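Morning, everyone. I have one structure to walk through today, so please bring it up on your screens.

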Amino acid sequence: LYKQYIPYILSNPNITIDFVLANRKYIDDWERISSNHSITVQDIESNPNLPWDFQALSDNLNITEDFFVKHIDKDWDFRKIVQNNHNISTKFIMEHSSLPWCWRAFSTERNITECDDFPHIIWKECCWNKYITLDFVKKHIDKDWNWDFLSSNESITLKDIEENLDL
């Protein structure tokens, strides 16, 4: 009777791999299962025969750098990883810069203050980055900042603006 509710149950944060395996014949939404945060790396590695959706796994916060490297040949969504998965560190992304990361998302979402002059930073996009400070901006005053957007950054205080009108 409950098989009609399977598509909804797959989004439940309490779902287990045992439930998935017991109801396998009713399941066709592997995107929903793969992105569910209750599904772990161990669940995936223990069940390699299941049709995991690696685009959706990119949203799964349990994905680790080690798991990612083991499955680097899969169809990952690099933008989602940059934006959502902080188990994949900024340092790791920088060390693997030859991969097709979304550098716009990197510039807006990651703590670029750890990166300094990393060549893939899109400086105009950094204006939205919550990690930047006025000191960081001053250190990189020569970069192509969007001053209008920078003025609305939550990390830049009104006092910062008032005391640095000459920038």
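Two rings of Phe, Tyr or Trp, taking the six-membered ring for Trp, count as a pair if their centres lie within 6.5 Å. Planes over 60 degrees apart make the pair edge-to-face.

By that rule, a search of the whole structure finds 16 aromatic pairs. Take Trp30 and Trp52. Their ring centres are 5.5 Å apart and their planes sit at 85°, so this pair is edge-to-face. Where are the two partners? Trp30 is in helix α3, residues 30-35, and Trp52 is in the loop between α4 and α5, so the pair ties together parts that are 22 residues apart in sequence. Both Trp30 and Trp52 are buried.

Now a second pair, Trp103 and Phe106. Here the centres are 5.2 Å apart and the planes are at 75°, so this one is edge-to-face too. Both residues belong to helix α9, residues 103-109. They are three residues apart, about one turn of the helix. Trp103 is buried, and Phe106 is buried as well.

There is also a cluster. Phe54, Phe67, Phe68, Trp76, Phe78, Phe92 and Trp101 form one aromatic cluster. Look at Trp101. Neighbours within four places in sequence aside, Trp101 is in contact with Phe68, Phe78, Ile81, Val82, Ile88, Phe92, Ile93 and His96.

On to the core. The largest nonpolar core has 45 residues. Which members touch the most others? They are Trp52, Phe68, Trp76, Trp101, Phe106 and Trp145.

Cys126 is buried, at 0% relative accessible area.

Last, confidence. This is a predicted model. The mean pLDDT of the chain is 93, and 99% of its residues reach 70 or more. Confidence is lowest in helix α1, residues 6-9, with a mean of 85. Confidence is highest in helix α4, residues 41-46, at 98.

Methods:
Residues are numbered from 1 along each chain as its sequence is written. This is a predicted model: local features need pLDDT of at least 70, side-chain atom pairs count only at pLDDT 80 or more; totals for chains, interfaces and linings use all residues. Side-chain values use heavy atoms; hydrogens and water are left out. A nonpolar core is a set of buried Ala, Val, Leu, Ile, Met, Phe, Trp, Tyr and Cys residues joined through side-chain atoms within 4.5 Å. Buried means under 20% relative accessible area, exposed over 50%, partly exposed in between (1.4 Å probe, protein chains only). Contact means heavy atoms within 4.5 Å. pLDDT is the predictor's confidence in each residue, from 0 to 100. Helices (H or I, at least four residues) and strands (E, at least two) are DSSP runs, numbered from the N terminus. Rings of Phe, Tyr and Trp (its six-membered ring) pair if their centres lie within 6.5 Å; planes under 30 degrees apart count as stacked, over 60 as edge-to-face and the rest as tilted.
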